Amino acid sequence: MAMSMMDLRQALAGLLTLSMFIMLGNMIKKDHFDSYYYDVEIPATPVSSALTEQRLATVSHLSKRPWKENEEAGQSKGYIKFSLTNGPEYHISQIADAVVVARYLGATLVLPDIKSSKFGYSMNLGDVYDVESVIKRLDGLVRVTRTLPAQFSNGSPPIVRVPNRVSEDYILKKVKPIYKAKGIVKIESYFPSMNATLAGKRRSLDPVACKAMFGTLQLQSDIQEVAESVVQQLEAWSQNGQFIAVDLRAEVLGNECHRKDETGRKLCHQPKEIGEFLKKIGFSQDTAIYVTQNKWSSNLDALRDIFPKTYTKETVMSVAKTGKFLSSEFEKVIDFYICSQSDVFVPSIPGIFYANVAGLRIASGRNQILVPDEIARPSASAFDYMSPYVTQKSHFAYACFC
């Protein structure tokens with residue numbers, strides 16, 4: 001009889017958790033830790049010295065404005081260079097900025113390299129992303145070349161810093177004069193804000209940015225295979241085949257969890273706080289949770305005490321793959337993919353990782369994004385903690401939909 005009661009409790013817990021995942025499809029409600037967008041301009045100066053998403057393969061539904069695939073901007077004979085830096089959460093914004101600039105100037109876009117976190121080290125685009133897919137995706141947006149012609153190959157091009165989601169006016173005033181004089185410019189995106197909310201009145205370049213940002217950078221086959229295998233394993237280990245991805249890294253949190261916004265709301269959350277939050281809004285202890293932290297450490301024990309099926313990459317990934325993909329440039333690439341694909345995404349801290357994962361999820365219809373907050377009462381509705389990017393439709397991605 002005791003055994004039957006235990007089975008009944010487990011079945012009930014599983015049913016409640018499944019109901020949670022289903023209910024999250026209808027979300028609505030409140031703001032937590034998104035900041036305002038500040039359009040800060042830094043003067044552009046020529047410098048002579050050198051200083052994914054599989055399910056988004058087609059996004060023909062993007063853009064509120066009419067868009068013709070074969071519509072060509074007036075073509076010039078110059079080139080726009082850029083590099084992908086700082087990780088995949090920045091890459092999708094950087095390529096969108098580069099395409100927008102090249103499109104406006106009628107320039108040819110040079111496929112980028114990828115700057116490593118190790119100083120002075122870089123990788124080829126094809127080490128991480130599917131190059132042929134990138135070229136195909138950009139066809140009709142801008143002309144693309146893999147390499148520069150000989151006359152531009154020697155020396156360093158002038159570097160112009162552009163704000164993320166660069167405006168037409170900024171390109172006209174800051175980039176175009178240098179481009180016309182030199183015939184080549186290397187742009188570097190900077191981020192005046194880590195927020196992805198809609199940027200005021202600027203809309204005219206959004207269709208180009210939308211098409212470049214969502215679906216262009218797809219993982220190359222080896223990395224895609226590893227990332228998909230992690231997703232499949234997490235689904236297999238979860239009681240109902242669904243899992244939560246939590247962006248939580250001890251090295252990023254540090255002392256940040258002592259900070260609060262102007263309303264007194266916490267700006268980030270520790271593992272125990274996230275566990276208590278998920279429990280109070282109704283997830284059962286059998287829910288599988290993926291944490292972006294690279295390796296297990298004692299700081300995650302409190303989360304696993306609440307949700308025993310809590311995993312990091314090293315516990316999910318096959319031993320044969322850990323040597324190449326752990327402690328390498330590929331870690332965050334895999335995290336970014338998994339957080340974009342999970343049934344529910346929970347950011348522990350604000351920032352561009354949260355913002356651009358949210359963008360990819362919105363573009364692919366995965367709107368289940370929960371922002372933790374302190375819960376005083378014993379239980380609460382998940383609806384109250386949906387990301388304002390979704391509930392207020394404030395994310396840049398919403399400007400891309402018809």
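Which residue forms a salt bridge with D301? The partner is R304, and the closest N and O atoms of the two residues are 3.9 Å apart. A salt bridge here is a side-chain nitrogen of Lys or Arg within 4 Å of a carboxyl oxygen of Asp or Glu. The structure is a predicted model, in which local features need pLDDT of at least 70 and side-chain atom pairs count only at pLDDT 80 or more, while totals for chains, interfaces and linings use all residues. Residues are numbered from 1 along each chain as its sequence is written, and side-chain values use heavy atoms, with hydrogens and water left out.

D301 and R304 both belong to helix α10, three residues apart, or about one turn of the helix. Helices (H or I, at least four residues) and strands (E, at least two) are DSSP runs, numbered from the N terminus. D301 counts as partly exposed because its relative accessibility is 31%, and R304 counts as partly exposed at 36%. For these terms, buried means under 20% relative accessible area, exposed over 50%, and partly exposed in between (1.4 Å probe, protein chains only).

In total, the structure holds seven salt bridges. Among them is the one between D169 and K173 (3.3 Å, N to O). These two residues both lie in helix α5 (residues 168-182), four residues apart, again about one turn of the helix. D169 is partly exposed at 38% relative accessibility, whereas K173 is exposed, with a relative accessible area of 56%. Another salt bridge brings together R146 and E132 (2.4 Å, N to O). This pair links distant parts of the chain, with R146 in the loop between β6 (143-145) and α4 (150-153) and E132 in helix α3 (residues 131-138), 14 residues apart.

Back at helix α10 (residues 301-306), a right-handed β-α-β unit is made by β10, α10 and β11. Right-handed means that, with the strands pointing away from the viewer, the path from the first strand over the helix to the second runs clockwise. β10 and strand β11 (residues 310-311) pair in the parallel sense over two bridges, pairing being assigned if DSSP finds at least two bridges between two strands. Both faces of β10 (residues 288-291) are covered, with A288 and Y290 on one side and I289 and V291 on the other, all buried.

Finally, the structure holds one disulfide (a pair of cysteine sulfur atoms within 2.5 Å). The bond joins C210 to C400, with 1.9 Å from S to S, and both cysteines are buried.
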